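Subject: The structure, and what turned up in it

Hi,

Here is the structure I promised to pass on.

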Amino acid sequence: NPNLTELELNKTANELYSKHSTTDIDEYPCLYVGTYRKYNNGSIYGTWVNLSSFENAEEYYRYIKLVHSDEEVPEYMYQDECNIINYSECMSINDDTIAFYKELNELQKQEKEAFKQFIEGRGYEINENTIEEARDHFHGIYDTKKDFYESMVFDGSFNPGYENFKELYDNGWIDEERLETELDFEFTSYPVSNYQVAMFHD
């Protein structure tokens with residue numbers, strides 16, 4: 001804006017930097033954004049950008065263009081990542097990408113860890129519906145797989161046809177290892193923080 005003074009421009013840039021750049025990369029979905037021109041000239045100058053801080057892709061590209069305002073037509077290079085799914089140094093960022101990471105960042109820490117692993121493992125396309133699709137498969141966080149499988153027995157979610165299955169299980173007549181082996185065909189576990197596991201059905 002030609003009507004802004006240099007001081008006002010610097011203040012605006014600093015406010016945007018505080019909002020969109022971060023050093024706390026473990027907590028957010030972040031890309032380290034440099035440019036190919038700088039890299040080819042021996043510079044890794046750039047910034048860690050928090051994708052969940054933007055409303056849409058247009059706002060994202062306006063910001064990183066400001067970061068690299070010394071280049072007339074910057075060609076962006078994503079030199080590193082944290083908490084990004086299907087990362088590549090030239091990956092595409094669009095409105096679906098921003099919507100996905102905004103929603104992912106609203107989850108609790110363990111759920112974020114779990115959903116990221118599940119979505120990446122399944123090769124899901126990243127869009128505004130991806131979290132909802134993953135949630136349809138999610139059963140929760142448990143101390144162990146055994147705890148989850150036992151909970152299914154006790155609440156009646158799993159009953160292979162035995163009339164007194166729960167009673168037989170309680171009395172030790174059902175082999176726990178066999179039960180776990182059978183259910184491993186239907187469910188997948190992912191490790192999350194605090195030495196717990198997240199459970200998803202296949």
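One aromatic cluster is made up of Phe 115, Phe 118, Tyr 124, Phe 138, Tyr 190 and Phe 200. Rings of Phe, Tyr and Trp (for Trp, its six-membered ring) are paired here if their centres lie within 6.5 Å; planes under 30 degrees apart count as stacked, over 60 as edge-to-face and the rest as tilted.

Before going further, please keep in mind that this is a predicted model, in which local features need pLDDT of at least 70 and side-chain atom pairs count only at pLDDT 80 or more, while totals for chains, interfaces and linings use all residues. Residues are numbered from 1 along each chain as its sequence is written, and side-chain values use heavy atoms, with hydrogens and water left out.

Back to the rings. By the rule above there are 17 aromatic pairs. In one of them, Phe 54 and Tyr 63 have ring centres 6.1 Å apart and planes at 45°, so this pair is tilted. Phe 54 and Tyr 63 are both buried, where buried means under 20% relative accessible area, exposed over 50%, and partly exposed in between (1.4 Å probe, protein chains only).

Phe 138 and Phe 200 also make a tilted pair, at 5.1 Å centre to centre with 45° between the planes. Phe 138 belongs to strand S4 (residues 138-142) and Phe 200 to strand S6 (residues 196-201), so the pair ties together parts that are 62 residues apart in sequence. Phe 138 and Phe 200 are buried as well. As for the element names, helices (H or I, at least four residues) and strands (E, at least two) are DSSP runs, numbered from the N terminus.

Now the strands themselves. Two strands are said to pair if DSSP finds at least two bridges between them. S5 and S6 form a hairpin with three residues between them, and Asn 194 in the turn has a positive phi of about 65°. Five of the six residues of S6 are buried, so this strand is largely enclosed by the rest of the structure.

Strand S1 (residues 30-35) and strand S2 are an antiparallel pair too, joined over four bridges. Leu 31 stands opposite Val 49 in S2. In a regular strand the side chains alternate between the two faces of the sheet. Both faces of S2 (residues 47-50) are covered: Thr 47 and Val 49 on one side, and Trp 48 and Asn 50 on the other, are all buried.

Next, the charged contacts. The structure holds eight salt bridges, each being a side-chain nitrogen of Lys or Arg within 4 Å of a carboxyl oxygen of Asp or Glu. Which partner does Glu 71 meet in a salt bridge? The partner is Lys 38, at 2.7 Å from N to O. Glu 71 sits in the loop between helix H3 (57-67) and strand S3 (76-82), and Lys 38 in helix H2 (residues 36-40), so they tie together parts that are 33 residues apart in sequence. Both Glu 71 and Lys 38 are buried, and a network of salt bridges links Lys 38, Asp 70 and Glu 71.

Lys 145 and Asp 184 form another salt bridge (3.1 Å, N to O). Lys 145 is in helix H7 (residues 145-154) and Asp 184 in helix H9 (residues 176-184), so this contact ties together parts 39 residues apart in sequence. Lys 145 counts as partly exposed at 23% relative accessibility, and Asp 184 is partly exposed at 32%.

A further salt bridge joins Lys 116 and Glu 120 (3.5 Å, N to O). Lys 116 and Glu 120 both lie in helix H5, four residues apart, about one turn of the helix.

Do have a look at these places on screen, and write back with any questions.

Best wishes
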